[in-house]
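Please walk me through this structure in plain paragraphs, with the cut-offs behind each term.

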Amino acid sequence: MMSQNDRDQSYWKANLSLVRNCLIIWAVVGFGFSIVFRPLLSGISIGGTDLGFWFAQQGSIIVFLALIFFYAWRMNKLDRDFGVEE
């Protein structure tokens, strides 16, 4: 059986891991696809424009909104698993 301190540390570690992974995805999509990888994505057309421009204008916003819902869903599950749900 885990002590309260061990459970708290495990919960915090899982929370930080979730936040880190969401931020990495957000950075790769928002910065990587829109700026760094744009020349590689210029040959792919979506909605009448190249994919890099699309990610800069709409794709990064859509991914950001999806990450918000994913984070809320995953955090609720994490709270239930550790018994700290509201």
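Predicted model: local features only at pLDDT ≥ 70, side-chain atom pairs only at ≥ 80, totals over all residues.

The chain carries 7 positive and 7 negative side chains, and the centres of the two sets are 7 Å apart.

Residues are numbered from 1 along each chain as its sequence is written, and side-chain values use heavy atoms, with hydrogens and water left out.

The chain contains three helices and two strands, in the order α-α-β-β-α along the sequence. Helices (H or I, at least four residues) and strands (E, at least two) are DSSP runs numbered from the N terminus.

As for overall dimensions, the C-alpha trace spans about 55 × 20 × 15 Å along its principal axes.

Helix H1 covers residues 4-36 and includes Asp-6. Between the C-alpha atoms of Asp-6 and Ile-35 there are 42 Å in space and 29 residues in sequence. Asp-6 is partly exposed, at a relative accessible area of 38%; the scale used here calls a residue buried under 20%, exposed over 50% and partly exposed in between (1.4 Å probe, protein chains only). Ile-24 also belongs to helix H1 and is partly exposed, at 45%. Its C-alpha atom is 24 Å from that of Ile-44, 20 residues away along the chain.

Helix H2, residues 38-41, contains Pro-39. Pro-39 is exposed, with 61% relative accessibility. From Pro-39 to Phe-53 the C-alpha distance is 9.9 Å, with a sequence separation of 14 residues.

What do the aromatic rings do? The structure holds six aromatic pairs. Trp-54 and Phe-55 form an edge-to-face pair, because their ring centres are 5.3 Å apart and their planes stand at 75°. Rings of Phe, Tyr and Trp (its six-membered ring) pair if their centres lie within 6.5 Å; planes under 30 degrees apart count as stacked, over 60 as edge-to-face and the rest as tilted. Phe-55 is buried, at 13% relative accessibility, whereas Trp-54 is partly exposed, at 22%. Ring pairs also link Phe-33, Phe-37, Trp-54 and Phe-55 into a cluster.

Over the whole chain, buried residues account for 22% of the 86. The accessible surface is about 6300 Å², and carbon and sulfur atoms supply 66% of this area; the areas come from the Shrake-Rupley method with a 1.4 Å probe, and for residues only the protein chains shown count as cover. Of the contacts (heavy atoms within 4.5 Å) between residues at least 6 apart in sequence, 58% join residues at least 24 apart.

Technical notes:
Lys, Arg positive; Asp, Glu negative; His and termini not counted. Charge placed at Lys NZ, Arg CZ, Asp CG, Glu CD.
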